[in-house]
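Let's take a walk through this one together.

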There are 2 protein chains.
Amino acid sequence: MQTSKFDLLTPALLVDLDRFESNIRKMQTTVSLAGKQLRPHAKAHKCVPIARRQLQAGAVGVCVATISEMDWMTAAGIGVLLTTPVASRMKTDQIAAAAKSGADIRAVVDHPDQAMMYQDSAARAGTSLQILIDLDIGDHRTGMPCDERAIALAHQIAASPNLKLIGVQAYSVSGSHTEGADERRSHSKRAIAQAVSVQKEMLAAGLDARILTGGSTGTWDIDTTIPEVTEIQAGSYPLMDAAYRRIIGSGFAPAMTVLTTVISTSHLDRVTVDAGYKAFATDRPFGPEAVGLEGVRWQWGGDEHGILHLENPSRPLRLGDQIEFIPPHCDPTVNLYERIYAMRGDRVEDIWPVKNIQR
Amino acid sequence: MQTSKFDLLTPALLVDLDRFESNIRKMQTTVSLAGKQLRPHAKAHKCVPIARRQLQAGAVGVCVATISEMDWMTAAGIGVLLTTPVASRMKTDQIAAAAKSGADIRAVVDHPDQAMMYQDSAARAGTSLQILIDLDIGDHRTGMPCDERAIALAHQIAASPNLKLIGVQAYSVSGSHTEGADERRSHSKRAIAQAVSVQKEMLAAGLDARILTGGSTGTWDIDTTIPEVTEIQAGSYPLMDAAYRRIIGSGFAPAMTVLTTVISTSHLDRVTVDAGYKAFATDRPFGPEAVGLEGVRWQWGGDEHGILHLENPSRPLRLGDQIEFIPPHCDPTVNLYERIYAMRGDRVEDIWPVKNIQR
């Protein structure tokens, strides 16, 4: 089978394997040389074949954000850290049941009631769960504030017979997305310092705080220089997107694109492609970036349409032409597809399933 | 089985059946009383059980925007109008093959080359295809401009041995989304008038233009009053969303919500729910609207998180509480889920599969 790009129905999600493999090598080498472990965030791809390649390169497991991601990864024998606090006994029961069946699972809590739910679920399942404290290091999104409440929560977990405290999680969305290398470095170091101080206090109290997990693609060259950080959670680096390119520049190559087709050419000043809100996540204030094509301006054209304004385009655009675009934001864009075409040049080398289920 | 809302893992997509059924009745009655046919757009739900209910109420078939939607609907025996021009011989081959196998399919073209592709595909498949001309009535997104080019295209289709010209399609995104009832009415009437003039010219030339299909939920009370319009394509009315509520008011009830759970409560001024960019489409400039809860302000919190700022909330929000939200935009939100929970009150009456595949 020699399926080529030109045989694909559009819109289609492509990954350029040369770039993808290079990105995976680069991150793993950087993290390993810093003496840390890489636990890539699988919410960025929801794709077991990608997780396997990250593990083959040296990752110790993956992070997941949802129960369904946990299920797919553990079913493939991959160890997971569920980075999102849950507040549903049904979910803690599922997590405990998975752990009981042998899955390698770590979970986080940011509230005493969550620790109680996990304790109850683990006890009822007859298992024990590895728990980290999710710390709020500035985003005020999830996480226990870095003060005496975090220490009290640590003591509660340590005293829970079916829970095993193993450390803290500290992730800063705002740090990862601060523009300007110096500003990002100082923001990120300041944020992580709060977690380091909790970790030190826990250790002084005789609590287990061996793990400090956090970091992201946006701070890959910052978190790896902080001695206390033990584990890096970066997720976007294998695929990359226009958002992180704007923040971190060319450190990682844009490996993921959406392949589209020009479907309407009735006007001299524009063409329409078959990709809109359902082909690209729209959570960034900018649109997709055309690949190998200058002099066009993107305009959202609806659920299934994108309009390209022609401002002296670098090549003529005809009905039926294919155009690739780098998505604004990779995670929620992958989430729109059920498969990724893994491309070696213009040839389809593999097709990877994506499990794009919420919950 | 008496599964209740409180047994569902979140985020989950719910449809309130009482509101949904009332919306379907109201639209069908309005369209039927106007002497027109209703062909609801299935891109809004991608869900065969919803399409079946629309047909049971009196719809003559559905509209679809993609090949995969066409496949699901025709596999269920439902006739379709593919409202999007395609410019790929692979796609016209698939459409012709489906027609050959007995599916009731109508397609649109907005370029002479598309008519040639359909003619070639239909001839090779040994079938004939019903074709409408997609007209550009002001959006400049797809559609042939309403001038002599449209008439020339009509003649080309009429002269194509395997194509059967049956009319024109005229949809105005800008008309559907114009705020203010009077402004929307005048915008929409002006837009449709261009299509009526093409239709008249086609009829005068002895061409078949029996169908003028178009319209939307935003213009449901306008298009139904235009004598020449024969078929209404509204899509959002069974589910509704915050965007159309802002435009058309209370004509149709918001029947679709996303059920979420409060997962973090570390701060007095906010709580975090387990729904973000992957639970709601983000293409509108406003966020989801909480149901039965005043005094909160939505802030996007990332892929899996939404932050609710508490500004004197009308009820206390505790860890583990469920909150429902009306999505900003229904079509691309449904597209994020693989199932819809059809609710009678707080009880799950049915579970409907959604086929959320692009292409």
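Start at A:Thr282: of the residues of chain A, this one comes closest to the rotation axis, with its C-alpha at 2.9 Å. Keep in mind that what you're looking at is a predicted model.

So what does that axis do? In general, two copies of a chain are related by a rotation about an axis and a shift along it. Here, a rotation of 180° superposes chain A on chain B, with 0.0 Å of shift along the axis and an RMSD of 0.0 Å. The two copies are therefore related as by a two-fold rotation axis. Both copies use the same surface, too: 100% of the contact residues of chain A recur in chain B.

Now for that surface itself. On one side there are 59 residues of chain A, and they are in contact with 60 residues of chain B. Helix H4 (89-100), strand S7 (144-145), strand S11 (256-267), strand S12 (270-273) and helix H11 of chain A each supply at least two residues of the side that touches chain B. The largest share, 7 residues, comes from S11(A).

Next, look within chain A. The chain is divided into domain 1 (5-11 + 251-353) and domain 2 (17-238), and the C-alpha centres of these two domains of chain A lie 33 Å apart. Their contact takes 14 residues from domain 1 of chain A and 18 residues from domain 2 of chain A. On the domain 1 side of chain A, helix H11 (330-334), strand S17 (339-344) and strand S18 (347-353) each supply at least two residues. S17(A) gives the most, with 4 residues. That side of domain 1 of chain A divides into 10 nonpolar, 1 polar and 3 charged residues.

Finally, zoom in on helix H5 (residues 112-125) of chain A. At 1.5 Å a residue, its 14 residues should span 20 Å, and its end C-alpha atoms are 20 Å apart, which agrees. Which residues of H5(A) are buried? They are A:Gln114, A:Ala115, A:Met117, A:Tyr118, A:Gln119, A:Ser121, A:Ala122 and A:Ala125. In an α-helix there are 3.6 residues a turn, so residues three or four places apart point the same way. What covers the buried residues of H5(A) includes H4, strand S5 (105-109), strand S6 (129-136), helix H6 (148-158) and strand S8 (163-170) of chain A.

Technical notes: Residues numbered from 1 in each chain as written. Chains lettered and ligands numbered in written order. Predicted model: local features only at pLDDT ≥ 70, side-chain atom pairs only at ≥ 80, totals over all residues. Domains from an automatic or database assignment. Contact = placed C-beta atoms within 7 Å. Nonpolar A, V, L, I, M, F, W, Y, C, P; charged D, E, K, R; others polar. Expected span 1.5 Å × (residues − 1). Buried ≥ 20, exposed ≤ 12 C-beta atoms within 10 Å, placed from the backbone. Least-squares fit on C-alpha atoms with pLDDT ≥ 70 in both.
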